[in-house]
Amino acid sequence: MADEISAFKPKTIWEQFRPLRPYLGRYRRPILVGTLMLVLTNATWMLFPRVVGAAIDSLQTSVTHQQLLTYALLLLGIALATGFFRFWMRWILIGVSRDIEYDLRNDLFRHLAHQSAHFYTSQRTGDLMTRATSDLSYVRMALGPGIMYSANSLAAFPLAIAWMVYLDWRLTLLMLLPVPVVSLAVKFFGQHIHKYSEYIQAKFSDLTARVQENLAGVRLLRAYCQEEAESRAFDRLNRDYVAQNEKLIRLQGMFWPSLEVLLGLAFLLVLWLGGRAVITERISVGTFVAFSQYMLLLIWPMIALGWVVNLFERGAASMGRINQLLTTTPDITDRPHPNAPAQIQGTIEFRNLSFSYNGRPALRNICLRVEAGQTVAIVGPTGAGKSTLVSLLARLYDPPPGSVLLDGLPVEEHRLRVLREAIGFVPQETFLFSDTLRENIAFGLPAADEKAIVDAATVAGLADDVRDFSQGFDTLVGERGLTLSGGQKQRTAIARALLHRPRILILDDALSSVDTYTEEKILRRLAEVTRGRTTILISHRVSTVQHAALIVVLKEGKIVEQGTHAQLLARGGYYYDLYQKQLLEEELEQA
Ligand code: ATP
């Protein structure tokens, strides 16, 4: 474990926080005003001991009631002014940290929303969630209280020390003796706190990812009776997380008392030698009291320094983790050709397309042309590369340049927005938001009218089901559509794609969960509304694809057969076998 921790190579605080510079720059003015308030807070507060000292010295002479009242009123004025400035200092500086947190969170979300499918195959949702929530809070703490208290200490120290030098420079030098030891302690503890913080956040990510995966797969967990086994696995992660936190607490626990001991040492020296200076009448009692009060005023900035180091180190560790996300550039970007059209007609061409996932070939030498308005079906065994082929068309993954063309122009030269808006993609695994059916169908088209939604649902064969729901289109579908059947989810996704009236409609095994009778009805209505639009149907079922103008058979990433239903049956190959097998299944079912 210790090795794992020492394997972390933290960058310096400044390197980690550098990406925050533009955010800080945006709030230059409030930061400046807040800092001015901070300086004024300290400047007024530092007058307090001086007045107390003067009052004590005057007590030893013939002081009048009037003079005493003046001192009292002065102290009251100082306290009021300090309170006023402190309020504005906190309001402005802590407010800025919240504003920066807001900006950073929005940017992070926008950044995540633009990442490609490839990015998400290598990331765990729980880890991303931790970075967007817990890590961001630590950065905010470093920005708000962190900057405010460190600036406060930075202002308090020189002001107090200047007053102390003015009162007695020899005592001041004595008091400053432990300072080099303080800076060594800060450096030592700071480095270790940083390492542990980074490691703890990584552990917290593991923990969150585990919770997220278990909650998402809770049905599976129950079906396989894995509740206890998973609870035990979770317990191990949880224990490790707490153990690392305890180490950090121990470290912090040693840090603060060390600072207090050093401060106590300074007090001891001042009390001993300052007291002697009073006895020998080198300084007055008032001066000694004022001096001690300045020291007391430095206790909080000193403690704050310890706390701030902790905040900065945790914030820097978290900022480093957020940077890792912010610096991953989306690998699928918009680089349109000057002649990229604003509209797409729908002619598709795969030109000698080969594609691999991390060196593992998924498609080999695919040559296929689909005319605009044509319906093409793709069949083939599982893992043949069917989904890969269509995801390259929508640039969910980037194909080799020039190997996938739309209307004669390589897909990478089209505007990404135009390209994706032209394609209505119903993926194999449907995703529904925990919202109403209406919102799910009108996703991306919030202004869609009722008639258009009902029409899309009718074509998708969903309208009859909706009539049976007590709240119709306003029925809530539960998280990821948990309250709908598999077939209803698929049909909701089809309705969503149809509502956009795309030039190209892709159904990737999108009818696998509906019975063949319903499927036939949907396909018939689909054929009517998609007339003139390019349609790609992917399926394992002959019944889905038989009426397509062209049927392509993919096997191990290669096109092995293509033609119409009749041509492929006559050929007696894979398609023929599939047809015979499914015919037999149907007969058996009927029997
Ligand atoms: P199915 O009918 O089961 O959906 P398919 O014909 O659609 O299969 P693809 O999903 O295109 O097949 O997968 C083709 C090959 O690419 C498979 O071997 C699969 O393991 C691999 N593959 C698919 N997606 C990825 C990915 N994101 N990363 C790595 N390999 C992948």
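At 17% relative accessibility, Tyr 397 counts as buried (under 20% relative accessible area; exposed is over 50%, partly exposed in between; 1.4 Å probe, protein chains only). Phe 355 is also buried, at 9%. The model is predicted: local features need pLDDT of at least 70, side-chain atom pairs count only at pLDDT 80 or more, and totals for chains, interfaces and linings use all residues. Residues are numbered from 1 along each chain as its sequence is written, and side-chain values use heavy atoms, without hydrogens and water.

The structure holds 16 aromatic pairs. Rings of Phe, Tyr and Trp (its six-membered ring) pair if their centres lie within 6.5 Å; planes under 30 degrees apart are stacked, over 60 edge-to-face, the rest tilted. Phe 87 and Trp 91 have ring centres 6.1 Å apart and planes at 15°, so this pair is stacked. Phe 87 is partly exposed, at 46%. Trp 91 is exposed, at 58%. Phe 87, Trp 88 and Trp 91 form one aromatic cluster. Phe 355 and Tyr 397 form a tilted pair, 6.3 Å centre to centre with 55° between the planes.

One cavity of 30 Å³ or more is found in the whole structure. On a 1 Å grid over the protein atoms alone, a cavity is a set of points where a 1.4 Å probe fits but cannot get out; lining residues have an atom within 4 Å of a point. Volume is the space filled by probe spheres set on the points, which are joined across faces, edges and corners. The largest cavity has a volume of about 50 Å³. Its lining includes Leu 507, Asp 509 and Arg 541.

Methods
1 Å grid on protein atoms, 1.4 Å probe; cavity = no way out; pocket = protein on both sides within 12 Å on 5 of 7 lines; lining within 4 Å.
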